[in-house]
Amino acid sequence: MSTSDRNAEFPFDPTDPAFRADPYPVYRELRENHPAVRGPLGAWAVSRYEDCDLLLRDRRMGKDLGNSEYFARAAGDTEAEEAPFLGLGIDGWDAQLFKLLDPPDHTRLRALVSQAFTPAVIDGLKDSTAAIVDELLGELPDRFDVMQRLGAPLPIRVLGDMLSIPREDHEIFVQWSTEIAHILELGAEPSEDVAIRCQKAVAECTAYFVELLEKRASSDGDDLLSQLARARDLAEGGLTLHQIAAVCVLLVVPGLDTFSNLIGNAAVLFARHPEVLPQLAAEPESADAVLDEILRLEPPTHASWRVALEPVEMHGQTIEPGDVVLLLIAAANRDERVFDSPETFSLGGNSRKHLSFGRGIHYCAGDLLSRLMAKEAFKGLAQRVARLSLVDEQVDYKPGIWLRGPSRLPVVVEHRAG
């Protein structure tokens, strides 16, 4: 089956550079005329808020792609000549990554990992996170690249300290993050070199975490990895070091790339809405509302996925067991049926409804940490910068379909007096 045949029912080409530059007109068309439609490799695309909200919570939906026809097609397990599944190849341990995303494994791992992301733990990171932001934004020049200065280094510094990852290894984690983020690109067909790099990064990062966990299993350290290594035998049913290492890969490494996207997208909005930084400087407590509106209007991840476990009727269509559904979060966040003036940056009542952290049992476990890092970054910028302008109005976005953030973002700033 050719690419054109597989996408025949999809009303746009997701690899079109015009879509990458500005996907929102396409999302409007999907919401209005194609609310549930077959997309790349046979996956469904759902774009309205009510539908995405429902399916994110629906227990008839799982996340183990190994149970899907999509998985078989993309892995090349059919007679069709398909690209390797997300560049991972689907052999050996890599295939087990997705097995951890449904109950009962998901339930056990979620209970274990959530101990590291309680409100009390995250609140205890506030001072150290603010200090990292101060260091990264110290002696800020008139012109700099937001991604290099803040977007890439901030999350690995904070998460690296949580995990007690040696500073000399931080750079390789940033590189792994860039490659492993392809896991989230459902429907993408990576080139051979991208596929090889992604597979290599998954294997290397998993092995790295296994080695660290083995060393810390007998330690008395209070970092997250030491806690996970010691607690694994206490979890119901027990957990292997490979399982814990895999969940570290899935939760930590792609998170570096998506948080970097969030910072870059925020800077673009700050440039296009120059009133926001002065408001943040005058009212630091508004950082929560600013963050939520950024997450609604320009989320770092545009789509999530689910796998149907039972038949689901939607808009006259039947989503069959084994079908993959792409939930277009970025489209839902601008649904006219839910939001007033959905295309406008506003700190009114819209923002808290966004779906960017998900819903239900797969709600983002790191949402509190992401919020802390983002708010400290925003307040740090607002304390130093009165106005931020893009050097190039046409933003150069990273390659890919559903992960959206600048690959580079040179800006010119007007420093705040005093």
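How many of the 11 residues of helix α10 are buried? In this predicted model, helix α10, which spans residues 153–163, is mostly covered, with 10 of its 11 residues buried. The buried positions of α10 are Pro153, Leu154, Pro155, Ile156, Arg157, Val158, Leu159, Gly160, Met162 and Leu163. Serine 164 follows α10 and has a positive phi, near 55°.

In soluble globular proteins, nonpolar side chains tend to be buried together. The largest nonpolar core of the model has 80 residues, and the members that touch the most other members are Leu154, Phe173, Phe209, Phe270 and Phe378. Helix α14 contributes the largest share of this core, 17 residues. The surroundings of one of these members, phenylalanine 209, can be listed. With neighbours within four places in sequence left aside, phenylalanine 209 is in contact with Leu163, Phe173, Leu225, Ala245, Cys248, Val249 and Val253.

Two packed helices are described by the angle between their axes and the distance between the axes. Helix α14 (residues 241–272) and helix α16 (residues 287–297) have axes that come within 10 Å and cross at roughly 100°. Angles of 65 to 115 degrees count as roughly perpendicular, and α14 and α16 are therefore roughly perpendicular to each other. On the α14 side, the contact is made by Leu262, Ala266, Leu269 and Phe270. On the α16 side, Val290, Leu291, Ile294, Leu295 and Leu297 take part. The residues of this contact between α14 and α16 comprise 9 nonpolar, no polar and no charged. Phe270, one of the α14 residues in the contact, is also among the core members that touch the most other members.

Methods
Residues are numbered from 1 along each chain as its sequence is written. This is a predicted model: local features need pLDDT of at least 70, side-chain atom pairs count only at pLDDT 80 or more; totals for chains, interfaces and linings use all residues. Side-chain values use heavy atoms; hydrogens and water are left out. Axes are lines fitted to C-alpha atoms, for helices over the stretch in contact, and angles run from 0 to 180 degrees between N-to-C directions. Helices (H or I, at least four residues) and strands (E, at least two) are DSSP runs, numbered from the N terminus. Angles under 35 degrees count as roughly parallel, over 145 as roughly antiparallel, 65 to 115 as roughly perpendicular and the rest as oblique. Contact means heavy atoms within 4.5 Å. Ala, Val, Leu, Ile, Met, Phe, Trp, Tyr, Cys and Pro count as nonpolar, Asp, Glu, Lys and Arg as charged, and the others, Gly among them, as polar. A nonpolar core is a set of buried Ala, Val, Leu, Ile, Met, Phe, Trp, Tyr and Cys residues joined through side-chain atoms within 4.5 Å. Buried means under 20% relative accessible area, exposed over 50%, partly exposed in between (1.4 Å probe, protein chains only).
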